[in-house]
Amino acid sequence: MDIRKALAAFALALSGALAATHASAQFFLGGSIGQSDVDDEITTGLIDSGSVDGKDSAWKIFGGYMFNRHFGIEAAYINAGEVSYSGTFSGFPVTGGKVELTAFNVSVLGNLPINEQFSVFGKVGLFSWEAEASDITGGFPFSGSEDGTDISFGVGVGYNFTPNFGVRAEYELFQTDNADASLISIGLVWRF
C-alpha cells in the first residue's frame, strides 16, 4: 500500500486549504461502521472454483477539511473486513481461505446543504489498498498479498444535531485490480 504518496497528496491539499481559509471553513473528524461487499473476483488466482463470501462487517475512521459549505477534502483509513473462500486450486483442495482488504483513501468532497440540518454529498478519490490472503491449499499453508492504487466514489447524506456534531450515511465504491468493493456505512462527525 502506497500510504506515503496518499499522505503527501492529502498534506499538500490540506496546506492549500489552510491558505484559502475563510469564515465557513472547518476541520472534521469521524468514524463509521457498516457492511462491505467485495466481488468474488478478489479470489482470482487463489481458487479455480468453489464458494466465496464477500460480505463482512467493516469500519473506517476519517478526517478532512471543508474549504467552505460546498467543497472539501477527506482522508480515511478503511478496514473492509474479510472475504471467506474455499474450493480447489489446480485440483488441490483449498480450505480456511480469507482475504483481508484494508486501504487509505483520499477524496475530493462536494457538499450540497438542503437546510441547516440536512445535506447531500458526493466524493471521488484515490484508493490505496492492500489485500492479504491466507488459506490451506493441498494441506499446506499459503499466504500472499497484493496492493495498488485505484479510483473510489461515494455518495451520502448528513444530518447535523448541532453546528459541530452530526451523523452521516453513505455508500462508497472502491476499485481494486481484480474486484470492486462497496461499503454502506453510518457514522458520527465532529467539526471544529
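The model is predicted: local features need pLDDT of at least 70, side-chain atom pairs count only at pLDDT 80 or more, and totals for chains, interfaces and linings use all residues. Residues are numbered from 1 along each chain as its sequence is written, and side-chain values use heavy atoms, leaving out hydrogens and water.

**Largest pocket**
- The largest pocket holds about 610 Å³ of space. (A pocket is an open set of points on a 1 Å grid over the protein atoms alone, where a 1.4 Å probe fits, with protein on both sides within 12 Å along at least five of seven lines; lining residues have an atom within 4 Å of a point.)
- Its lining has 25 residues, and Q26, N111, S119, N160 and R191 lie nearest the centre.
- The lining comprises 11 nonpolar, 10 polar and four charged residues. (Ala, Val, Leu, Ile, Met, Phe, Trp, Tyr, Cys and Pro count as nonpolar, Asp, Glu, Lys and Arg as charged, and the others, Gly among them, as polar.)

**Second largest pocket**
- The second largest pocket has about 160 Å³ of space.
- Its lining residues include I42, W129, F142 and E146.
- Seven lining residues are nonpolar, four polar and one charged.

**Surface patch**
- L29, F161, F165, L188, W190 and F192 make up a nonpolar surface patch. (Patch residues have over 30% relative accessible area and no salt bridge; nonpolar side chains are joined within 5 Å and like charges within 9 Å. A salt bridge puts a side-chain nitrogen of Lys or Arg within 4 Å of a carboxyl oxygen of Asp or Glu.)
- Together they have about 610 Å² of accessible area (Shrake-Rupley method, 1.4 Å probe; for residues, only the protein chains shown count as cover).

Terms used. Grid points are joined across faces, edges and corners, and a volume is the space filled by probe spheres set on the points.
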